[in-house]
Amino acid sequence: MSAAVRPEVTRRKMPITTRKTFLRQAAGGLLLAGAATPGRASAPPDATKPQKPNVIFILADDLGYGDVGCYGQAKIKTPHLDRMAREGARFTDFYAASTVCAPSRCALLTGLHTGHCAIRGNGAGQNLRAGEVTLARVLQGAGYATSCIGKWGLGDPGSSGVPTRQGFDHFFGYLTHGHAHNYYPTFLYRGEKRVPLRNENPNEKPDGRGQATRKVEYTPDLFLREAREWIETQKGKPFFLYYAPTIPHGNNEARSNEMEVPDLGIYAGEPWPDAQKRKAAMISRLDAQVGALLDTLRTLGLEEKTLVLFSSDNGPHREGVEPEFFDSNGQLRGIKRDLYEGGIRVPMIARWPGVVPAGTVPNHTGYFPDVLPTLAEVTGAQQDAPTDGVSFGPVLRGQSNRQRRHPFLYWEFYERGGARAVRFENWKGVRRPFDGPVELYDLKSDPGETRDVAAWHPDVARRMTALMDKAHVPTPRWNAETARAGRKRPNPEPPDGDAGRSQPKEGAA
Ligand SMILES: [Ca+2]
C-alpha cells in the first residue's frame with residue numbers, strides 16, 4: 001500500500017505523560033545502543049497483501065501456555081484452536097506483557113512495555129488518560145470500525161479510560177476487573193450505559209461483583225452473539241474486533257464455584273474434581289467460540305480478508321483450581337503472578353488464509369507491545385507515537401528473513417515485593433524482589449528455568465541488570481519503593497493525571 005492511498009491517516013498526538021516519559025529517557029541517556037529504542041510503526045509499501053484486512057484479536061483470560069491442544073494439552077479438547085494453528089502460524093515464544101490482567105492489557109493496547117506504560121499493576125481507580133494512543137485509535141484513524149467486546153479493565157465508568165473514549169466505536173462488556181469476575185452479573189455496559197441482564201443476585205456489590213443466585217445469561221455467550229452481530233453489520237467497512245471474554249478466569253467471589261460455566265459438556269463423566277471439569281468445559285467453550293467466529297467469517301466470505309489472532313493475557317491461575325492438574329503451564333515454571341515463563345509465555349496463533357503460511361511455527365520471539373505496530377503495519381495505519389514493540393508483520397507474511405528481532409523483552413511487576421525480567425536471545429533474567437540479585441536461565445537448554453547459571457555467566461548477568469535498570473522508567477506511582485512497600489503504603493497522587501489513584505494491591509484481576 002502506498003502512502004498515496006492513506007489519505008485517512010490521522011496523526012495522533014502522544015499523551016503528555018507518555019511523551020514526558022520518553023523525553024526523560026532520552027535526556028537521561030537511558031536508551032542503550034542496540035536496546036529497545038522505541039520504534040515508529042509505519043506502513044511499508046507491499047502490493048502483494050490485501051488492502052485493509054479486517055482484524056479480530058481474541059484474548060483469553062488466564063489461559064496457560066499448556067492449556068491448548070496444539071501446545072501440548074492432552075485432556076482439554078480445543079479442536080478449533082488446533083485447526084486455527086494448522087491453517088496459520090503457531091508461535092512458541094510469544095509473551096503477554098505482564099503476569100496479571102490490567103498491565104498486560106494496557107501494554108497490548110498502547111504498545112508500551114510495563115517499564116513505560118501507565119497501568120503497571122492491578123488495582124482499582126486506574127484509568128487510561130484522555131488522548132492516550134491506543135491500538136483502537138490508530139486503526140480508527142485508518143478508517144476502521146472498532147469494537148471491544150468482553151472485559152476492558154482500563155477505565156472505570158465515567159472516566160477518561162472507558163473504551164468508547166479510547167478509540168472504540170462500540171463496546172459491550174465489563175468495564176472493571178471485579179465486575180468481570182462474575183459470569184452471571186445483573187448488568188453489563190453497552191458503550192457507557194448499563195444494560196440489565198436477567199441474572200439475579202440480591203447480594204451483588206455495586207460494582208457488579210458477586211455470585212448470582214439465579215443464573216440465566218452467561219456473559220461469554222452474550223459476547224459471542226454480540227460479536228457475530230457486530231461483524232455482520234460492518235458491510236464492507238474494514239473492522240477491528242478486540243474480543244476479550246473472561247474464560248478461564250475464576251469468579252473470585254464465588255468461593256467453591258470459581259469456575260462458572262453453564263454445563264460440563266463432554267467432561268461430565270470424567271473422574272476429575274468438579275472444579276477441574278468446569279475449567280475444562282470453560283476452555284472448550286472458548287474454543288467453540290473461536291470456531292463460531294471463524295464460521296461467521298466463512299459465511300460472510302471474509303476469511304481471506306481477515307487476520308485472526310488468538311492469545312492470553314497471562315499464565316494459568318490457582319484460584320479455585322490446581323494448575324498442575326492439567327499441566328496448564330506445560331513444561332514451563334510458574335503461573336499467574338510469576339515472571340518465570342509460566343506466568344507470561346502464552347499461546348499465540350495467527351490465521352489469515354492466503355497470507356499467513358499454513359501450519360507454520362515461526363522462530364520468532366515477541367510480546368504484546370508488538371501487536372500495535374504489527375496491526376498498524378498490516379492495515380496500512382500510521383502511528384507516530386513511540387512503541388516498545390516490533391512489528392511481526394514479516395513473520396505473518398512468511399518472510400522471516402525480513403523480520404526484525406527484539407534486542408530484548410522486558411517485564412516488571414509490583415506485587416509480593418516486586419520482580420523484573422528480561423529475555424534476550426535465549427537468555428532469561430529474573431530479579432525477585434524488584435532490586436534483588438539476577439537469576440539467569442538458558443531457555444534453550446533449560447526452558448523450565450530450573451538451573452540458575454548467573455554465577456557461570458557474570459557478564460550476561462550484569463547485562464541483564466543493566467537492561468532492567470534502563471528499561472524501568474519510574475513514575476510517582478510505579479517505582480522501586482512501590483514494589484518494596486507492597487500494599488502497606490499509600491502511594492502519592494501522581495501529579496500528572498489519573499493513571500492511578502489507589503495503591504496497587506494484590507487483587508484478583
Ligand atoms: Ca488475566
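The model is a predicted one. The protein chain has twelve helices and 17 strands. Of its 509 residues, 54% are buried. Among contacts between residues at least 6 apart in sequence, 66% join residues at least 24 apart.

**Nonpolar core**

- The largest nonpolar core holds 126 residues, and the members that touch the most others are Leu139, Leu241, Leu396 and Val422.
- Helix α7 supplies the largest share of this core, with eight residues.
- Domain 1 (51-401) and domain 2 (410-485) each give at least three residues to this core.
- In soluble globular proteins, nonpolar side chains tend to be buried together.
- Beyond its neighbours within four places in sequence, Val422 is in contact with Phe408, Leu409, Tyr410, Gly429, Met464, Leu467 and Met468.

**Helices α2 and α7**

- Helix α2 spans residues 79-86 and helix α7 spans residues 274-299; the two pack with their axes 7 Å apart, at an angle of about 50°.
- At that angle, α2 is oblique to α7.
- On the α2 side, the residues that meet α7 are Pro79, His80, Leu81 and Met84.
- On the α7 side, the residues that meet α2 are Asp287, Ala288, Val290, Gly291 and Leu294.
- Sorted by class, the contact of α2 with α7 has six nonpolar residues, two polar residues and one charged residue.

**Helix α9**

- Helix α9, residues 371-379, is mostly covered, as nine of its nine residues are buried.
- The buried residues of α9 include Val371, Leu372, Pro373, Leu375, Ala376 and Val378.
- Thr374, Glu377 and Thr379 are also among the buried residues of α9.
- Gly380 follows α9 and has a positive phi, near 75°.

**Isoleucine 119**

- Isoleucine 119 sits in the loop between α3 (101-110) and α4 (135-141).
- Isoleucine 119 counts as buried because 29 other C-beta atoms lie within 10 Å, and the cut-off for a buried residue is 20 or more.
- Cysteine 106 is 13 residues away from isoleucine 119 in sequence, and the two are 6.1 Å apart in space, C-alpha to C-alpha.

How values were computed. Residues numbered from 1 in each chain as written. Predicted model: local features only at pLDDT ≥ 70, side-chain atom pairs only at ≥ 80, totals over all residues. Helix = DSSP H or I, 4+ residues; strand = E, 2+ residues; numbered from the N terminus. Buried ≥ 20, exposed ≤ 12 C-beta atoms within 10 Å, placed from the backbone. Contact = placed C-beta atoms within 7 Å. Axes fitted to C-alpha atoms, helices over the stretch in contact; angles between N-to-C directions. Parallel < 35°, antiparallel > 145°, perpendicular 65-115°, else oblique. Nonpolar A, V, L, I, M, F, W, Y, C, P; charged D, E, K, R; others polar. Core = buried A, V, L, I, M, F, W, Y, C linked by C-beta atoms within 7 Å. Domains from an automatic or database assignment.
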